[in-house]
Amino acid sequence: MPNSPKRDYSQERKFGRIGGSLRAAGSVLRAVGKTLAQSGSPVREQMIKKHGKYYTMPYGKGGTTIAGEKGMRWAQSMKYTDPYKKKAIQYMIGRRDPQKKWSPGRRGLTEEMIRKEAYPLFVQEFGEKGAQELMKALTLDGDSAHSKYAGGKEVMLDKALKDLERAKNVRREQRPIAEQILMGLLPPFEHPSQKGLTQEKLAEVAGEAEKKFGKETAFQLEKTFGVVREGEQAKKQQMPAQRRIVGLREGLGLGGWGRRASGGDAESSAATNIKKAS
């Protein structure tokens, strides 16, 4: 019986390792392809389509809404922003998650609304003297019979905001806070599914902040809430995928992109260079 050829176990182990590596490579590449092909959450897709951006913090992955109070706390952590602007933005956020119900028959402000709801906030933000100055500008400092609101009359919001401009001894940079307090007295109608501070509403706040305070303030607000603009999402997905592929190539001895191969390839390359030099 003829002698059987000896098996080269070292070669089998080598090819077994290569086969395993190739299977791993296929698995990684399929996972990478799947990651890149996955679409974002419906909220993100809608925000990208409408606004060209979405927010990640504190909404998490595709979160729909957060409580207004939570949004106000996040706004307080804005960097490089005047504290009065921060406070006004907090009220902007609070207006988007109102604690009082929408009144279908209410079109303007009444004396009762201002005294019961706005005045305590004026005192909280401006002190007693500042609050009195604001009430005076609204014609509510003296005899109610001679005010614009006499007899339960409603005054349109835009006119009340105009009256606030006459307030004396109130710092100019603080007045947007008083404006936001008055604006919060007339909550808009909200569908039950839109309760809280949605990403859509936060985009509205950013637009209002930019209009009122400029681009830098709006930038700091959106940065605090983890804004991701159109095009950045794909880039963020590709970067970890590229790192995984580079690591895989290095594991197979193929070298990373833009890098020289190591080992035998490097030695043969060096030998070639010596020959050319001689």
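The structure is a predicted model, in which local features need pLDDT of at least 70 and side-chain atom pairs count only at pLDDT 80 or more, while totals for chains, interfaces and linings use all residues. Residues are numbered from 1 along each chain as its sequence is written, and side-chain values use heavy atoms, with hydrogens and water left out.

**Overall fold**
- The protein chain has eleven helices and four strands, taken as DSSP runs (helices H or I, at least four residues; strands E, at least two) and numbered from the N terminus.
- Of the 278 residues in the chain, 35% are buried, where buried means under 20% relative accessible area, exposed over 50%, and partly exposed in between (1.4 Å probe, protein chains only).

**Salt bridges across the chain**
- The structure holds 18 salt bridges, each defined as a side-chain nitrogen of Lys or Arg within 4 Å of a carboxyl oxygen of Asp or Glu.
- Lys50 and Glu200 meet through their side chains in one of these, at 3.2 Å from N to O; this pair links distant parts of the chain, with Lys50 in helix α2 (residues 42-51) and Glu200 in helix α8 (residues 199-213), 150 residues apart.
- Lys87 pairs with Glu125 in a salt bridge whose closest N and O atoms are 3.8 Å apart, and this pair joins helix α4 (residues 83-96) to helix α5 (residues 111-137).

- Lys87 counts as partly exposed because its relative accessibility is 26%, whereas Glu125, at 17%, counts as buried.
- Glu222 and Arg229 form a salt bridge with closest N and O atoms 2.7 Å apart; Glu222 is buried at 5% relative accessibility, and Arg229 is partly exposed at 34%.
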